[in-house]
Amino acid sequence: MANRQPGGMREVLDELGARPDALVPEHRADLDELGFCRFDGFLEPVSVATVLTEITRQITGTRQGGTLHLKGLLDHSSLFDSLWLRPELLAAVTHL
């Protein structure tokens, strides 16, 4: 049951535009059948380059036992906020 209290998660998601109609029927079907969907064109090429540059900067020197660790992405850059706060992505996560 969705939380309908003021300040509840559903209210926040609604304010961010993460409503079920933010997903096209194909995305909903893919999520139901595959557990994921593709958002082709989610980022412009220049944005991809910017994001990759920031990720590369953050993982420099973070190798632990052969594995790169990218921790604190939320704390270190607001660059990524525009990615995971997109209505269609939030709607997909909510759908799952």
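My entries below go from the whole chain down to single residues.

**Ground rules.** I'm working from a predicted model, where local features need pLDDT of at least 70, side-chain atom pairs count only at pLDDT 80 or more, and totals for chains, interfaces and linings use all residues. I number residues from 1 along each chain as its sequence is written, and side-chain values use heavy atoms, with hydrogens and water left out.

**Whole chain.** I looked up the secondary structure and got six helices and two strands. Helices here are DSSP runs of H or I with at least four residues, strands are runs of E with at least two, and both are numbered from the N terminus. Reading from the N terminus, I get the order α-α-α-β-β-α-α-α.

Next I checked burial, where buried means under 20% relative accessible area, exposed means over 50%, and partly exposed is in between (1.4 Å probe, protein chains only). Of the 96 residues in the protein chain, 23% are buried. The accessible surface is about 7000 Å², and carbon and sulfur atoms hold 58% of that. These areas are from the Shrake-Rupley method with a 1.4 Å probe, and for residues only the protein chains shown count as cover.

I also looked at contacts, meaning heavy atoms within 4.5 Å. Among those between residues at least 6 apart in sequence, 51% join residues at least 24 apart.

**Salt bridges.** Side chains of opposite charge can pair when their charged atoms come close. My rule is a side-chain nitrogen of Lys or Arg within 4 Å of a carboxyl oxygen of Asp or Glu, and by it I count four salt bridges.

- R19 meets D21 at 3.4 Å, N to O; R19 is partly exposed at 40%, while D21 is exposed at 59%.
- R38 pairs with D40, with the closest N and O atoms 2.6 Å apart; R38 is exposed at 56% and D40 is exposed at 61%.
- R57 and E54 meet at 2.6 Å, N to O; R57 is exposed at 52%, whereas E54 is buried at 13%.

Where do R57 and E54 sit relative to each other in helix α3? They are three residues apart, so about one helical turn separates them.

**Helix α3.** I kept going with E54, which is in helix α3, residues 45-59. Setting aside neighbours within four places in sequence, I find E54 in contact with H76, S77, L79 and F80.

Then I checked the helix length. The expected span is 1.5 Å times one less than the number of residues. For the 15 residues of α3 that should be 21 Å, and the end C-alpha atoms are 21 Å apart, so the two agree.

Which residues of α3 are buried? I have V51, E54, Q58 and I59. They cover an arc of only 125 degrees around the axis, so they are on the same side of α3; the arc is taken from the directions from the helix axis to the C-beta atoms. On the other side of α3, I note P45, V46, T53 and R57 as exposed.

**Surface patch.** Last, I looked for patches, which are made of residues with over 30% relative accessible area and no salt bridge, joining like charges within 9 Å and nonpolar side chains (Val, Leu, Ile, Met, Phe, Trp, Tyr) within 5 Å. I noted a nonpolar one of about 340 Å², made by M9, V12, L16 and L85. M9 lies in helix α1, residues 9-15, and is exposed at 56%.
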